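Here is a short report for someone meeting this structure for the first time. Take a look at the sequence and the fold, then read on.

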Amino acid sequence: MAIFAPKIGAGDSDDDGYLLSFVYDAVKLKTDVVMLDAKNLDDEIACLELQHHVPYSFHGHFTKELFLTD
């Protein structure tokens, strides 16, 4: 499952943004966070290699709101 995050200043196009997804590597026993261009899924923008796995039950969503705590 992927999460869609619109680009800053995105136009009216439904695919003007990014797809973020967790990819589990069973060999390394770790999870990667992969960021793709939503208009071109072959275009990997970034891959963040986490030092642990993320449980399958983890979920979230994108919001334009900024939440800061002290």
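This is a predicted model: local features need pLDDT of at least 70, side-chain atom pairs count only at pLDDT 80 or more; totals for chains, interfaces and linings use all residues.

In general, strands of a sheet pair through backbone hydrogen bonds, in a parallel or an antiparallel way.

## Strand by strand

| Pair | Sense | Bridges |
|---|---|---|
| Strand 1 and strand 2 (residues 17-25) | antiparallel | five bridges |
| Strand 2 and strand 3 (residues 30-37) | antiparallel | eight bridges |
| Strand 3 and strand 4 | antiparallel | six bridges |

Ala5 has Tyr18 of strand 2 as its bridge partner. For Asp25, the bridge partner is Lys30 in strand 3. Asp32 is bridged to Glu49 in strand 4.

Two hairpins follow from here. The hairpin of strand 2 and strand 3 has four residues between the strands. In this hairpin, Leu29 takes a positive phi near 60°. Strand 3 and strand 4 also form a hairpin, with two residues between them.

Asp32 lies in strand 3. Is Asp32 buried or exposed? Its relative accessible area is 11%, under the 20% cut-off, so Asp32 counts as buried.

Which residues does Asp32 touch, leaving out those up to four places away in sequence? The contacts are Ser21, Phe22, Val23, Cys47, Leu48, Glu49 and Leu50. One of them, Glu49, is also the bridge partner of Asp32 in strand 4.

Side chains of opposite charge can pair when their charged atoms come close. How many salt bridges does a search of the whole structure find? The search finds one. The side chains of Asp32 and Lys28 meet in a salt bridge, at 3.9 Å from N to O. Asp32 is buried at 11% relative accessible area. Lys28 has 37% relative accessibility, which lies between the 20% and 50% cut-offs, so Lys28 counts as partly exposed.

Conventions
Residues are numbered from 1 along each chain as its sequence is written. Side-chain values use heavy atoms; hydrogens and water are left out. Two strands pair if DSSP finds at least two bridges between them. Buried means under 20% relative accessible area, exposed over 50%, partly exposed in between (1.4 Å probe, protein chains only). Contact means heavy atoms within 4.5 Å. A salt bridge is a side-chain nitrogen of Lys or Arg within 4 Å of a carboxyl oxygen of Asp or Glu.
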